[in-house]
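Q: Please walk me through this model feature by feature. For each one, give me the general idea and then the case at hand.

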Amino acid sequence: MNEIIDTTLKEKINLETSQIAWRGLQRFFAQGLAVNVAPELDLVEVAYQFSNDNKPQVAQWLANQQIGLVTDQQALAWWEDDTAVWAVVVKPWLLVQG
């Protein structure tokens, strides 16, 4: 039963994931809610772990610098390049992968 729920939640997250211009996400960045996800990680899997409040896994990614708040430099570069990022919201967070 849990496997079915997990699969359904991952499918839902996948459907809510899209590519969007970074410029359209400024309010999340301004609020300190934009989290950068390293390219080697699966964005849907990270969102799934966030939604399940898997603190040990999130802490490991933080310690390995595989996730972290979008930096000012990163945000500026994405703005100047008019970059499209993959994004998904896991309230209150916006997870992005550029």
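Q: Which residues in α3 are buried?
A: First, the conventions. This is a predicted model, where local features need pLDDT of at least 70, side-chain atom pairs count only at pLDDT 80 or more, and totals for chains, interfaces and linings use all residues. Residues are numbered from 1 along each chain as its sequence is written, and side-chain values use heavy atoms, with hydrogens and water left out. Buried means under 20% relative accessible area, exposed over 50%, and partly exposed in between (1.4 Å probe, protein chains only). Helices (H or I, at least four residues) and strands (E, at least two) are DSSP runs, numbered from the N terminus. Now the case: Leu43, Val44, Val46, Ala47, Tyr48, Gln49 and Phe50 are buried in α3. That is seven of the nine residues in this helix, residues 43–51, so α3 is mostly covered.

Q: What is found at the start of α3, and what follows the helix?
A: Look for a polar contact. It is a pair of N or O atoms within 3.5 Å; within protein, one must be able to donate a hydrogen and the other to accept it, and residues adjacent in sequence count only if both atoms are side-chain atoms. Here a side-chain oxygen of Asp42 reaches to within 2.9 Å of the backbone nitrogen of Val44. After α3 comes Asp53, with a positive phi near 55 degrees.

Q: What is found at the start of α4, and what comes just after the helix?
A: Helix α4 spans residues 55–63. At its start, a side-chain oxygen of Asn54 comes to within 3.2 Å of the backbone nitrogen of Gln57. Just after α4, Gln65 has a positive phi of about 55 degrees.

Q: How many salt bridges does the count come to?
A: Side chains of opposite charge can pair when their charged atoms come close. The rule asks for a side-chain nitrogen of Lys or Arg within 4 Å of a carboxyl oxygen of Asp or Glu. By this rule the count comes to four salt bridges.

Q: Which parts does the pair of Lys10 and Glu45 tie together?
A: Their side chains meet in a salt bridge at 2.9 Å, N to O. Lys10 lies in helix α1 (residues 2–16) and Glu45 in helix α3, so the pair ties together parts that are 35 residues apart in sequence. Lys10 counts as partly exposed because its relative accessibility is 30%. Glu45 is partly exposed too, at 25%.

Q: Where do Arg23 and Asp82 lie?
A: The side chains of Arg23 and Asp82 form a salt bridge at 3.7 Å, N to O. Arg23 sits in the loop between β1 (18–21) and α2 (26–30), and Asp82 in the loop between α5 (72–80) and β4 (84–90). The pair links distant parts of the chain, 59 residues apart. Arg23 is partly exposed at 38% relative accessibility, and Asp82 is partly exposed at 45%.

Q: Are Lys55 and Asp53 buried or exposed?
A: Both are exposed. Their side chains meet in a salt bridge at 3.9 Å, N to O.

Q: Which residues touch the most other members of the largest nonpolar core?
A: In soluble globular proteins, nonpolar side chains tend to be buried together. A nonpolar core is a set of buried Ala, Val, Leu, Ile, Met, Phe, Trp, Tyr and Cys residues joined through side-chain atoms within 4.5 Å. The largest core here has 16 residues, and Val37, Val46, Phe50, Ile67 and Leu95 touch the most other members. β2 (34–37), α3, α4 and β4 each give two or more residues to this core. The largest share, six residues, comes from α3. Another core lies apart from it, with 11 residues, among them Trp22, Ala75, Leu94 and Val96.

Q: Which residues does Ile67 touch?
A: Contact means heavy atoms within 4.5 Å. Leaving out residues up to four places away in sequence, Ile67 touches Val35, Asn36, Val37, Leu41, Val46, Phe50, Val58, Trp61 and Leu62.

Q: What pattern does the chain follow along the sequence?
A: The chain has five helices and five strands. Read along the sequence, the pattern is α-β-α-β-α-α-β-α-β-β. Buried residues make up 36% of the 98 residues. Among contacts between residues at least 6 apart in sequence, 77% join residues at least 24 apart.
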